[in-house]
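Hello,

I am passing a structure on to you, and my notes on it follow below. Please have a look at it first.

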Amino acid sequence: DRLIYIADFFHTPFIRIFNFLKNGLKVRENEWVSMINNLRPYVERAEKAHKILLLENETNTFADTIARTLKLFDEIKSPAFKLNLDPGNFYSIREDTTPDAYEIFYEKGLVAHMHVKDPKFHLPFVGSYFHVVGMGKIDYVALFKQAKKHDYTGLFSLETHCPGNR
């Protein structure tokens with residue numbers, strides 16, 4: 001309720017959220033069901049308030065891989081539940097970061113926001129070391145072209161995870 005109030009105050013329909021943390025690397029069915037049951041009421045509240053929850057894919061959460069993120073959206077179908085696509089986070093768990101990997105998110109109309117940060121290499125147990133955008137491993141030019149092709153109207157948010165020359 002507080003986040004809805006704040007979103008109203010700032011005249012925005014968007015509220016960024018993260019998914020629940022997983023218990024280890026494996027996802028047990030009973031934990032998945034519990035996560036869905038806990039998330040669904042928040043999506044319903046957002047829908048009633050005419051807000052959109054932007055779920056950011058994130059390592060160590062149930063929405064970590066492309067497949068699990070898609071499964072989550074397939075199970076919670078709502079116009080109030082969209083994706084804050086973060087290719088850097090997918091890279092951090094060694095997922096594909098090419099336009100082909102994200103095409104299904106666009107086809108389903110799920111991408112409503114995108115984070116831009118560029119990983120230089122993987123770090124064990126941490127995820128990635130990030131660099132200046134354009135000097136890392138993600139082809140953002142191709143991802144921006146993909147967004148344009150799909151008439152993307154969301155925002156691109158630069159995440160300054162680069163520890164060097166910011």
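How do the residues of the lining of the largest pocket divide into nonpolar, polar and charged? There are six nonpolar, six polar and four charged ones (Ala, Val, Leu, Ile, Met, Phe, Trp, Tyr, Cys and Pro count as nonpolar, Asp, Glu, Lys and Arg as charged, the others, Gly among them, as polar).

This is a predicted model, where local features need pLDDT of at least 70, side-chain atom pairs count only at pLDDT 80 or more, and totals for chains, interfaces and linings use all residues. Numbering starts from 1 along each chain as its sequence is written, and side-chain values use heavy atoms, without hydrogens and water.

The largest pocket holds about 360 Å³ of space. A pocket here is an open set of points on a 1 Å grid over the protein atoms alone, where a 1.4 Å probe fits, with protein on both sides within 12 Å along at least five of seven lines; lining residues have an atom within 4 Å of a point. The volume is the space filled by probe spheres set on the points, which are joined across faces, edges and corners.

The second largest pocket has about 230 Å³, and its lining has ten nonpolar, one polar and two charged residues. Helix H2 (29-48) gives the most to that lining, with four residues (helices are DSSP runs of H or I, at least four residues, and strands runs of E, at least two, numbered from the N terminus).

Five strands form an open parallel sheet, ordered S1-S2-S3-S4-S7 (strands pair if DSSP finds at least two bridges between them). S4 (residues 111-116) and S7 share four bridges, and His113 has Leu155 in S7 as its bridge partner.

Best wishes
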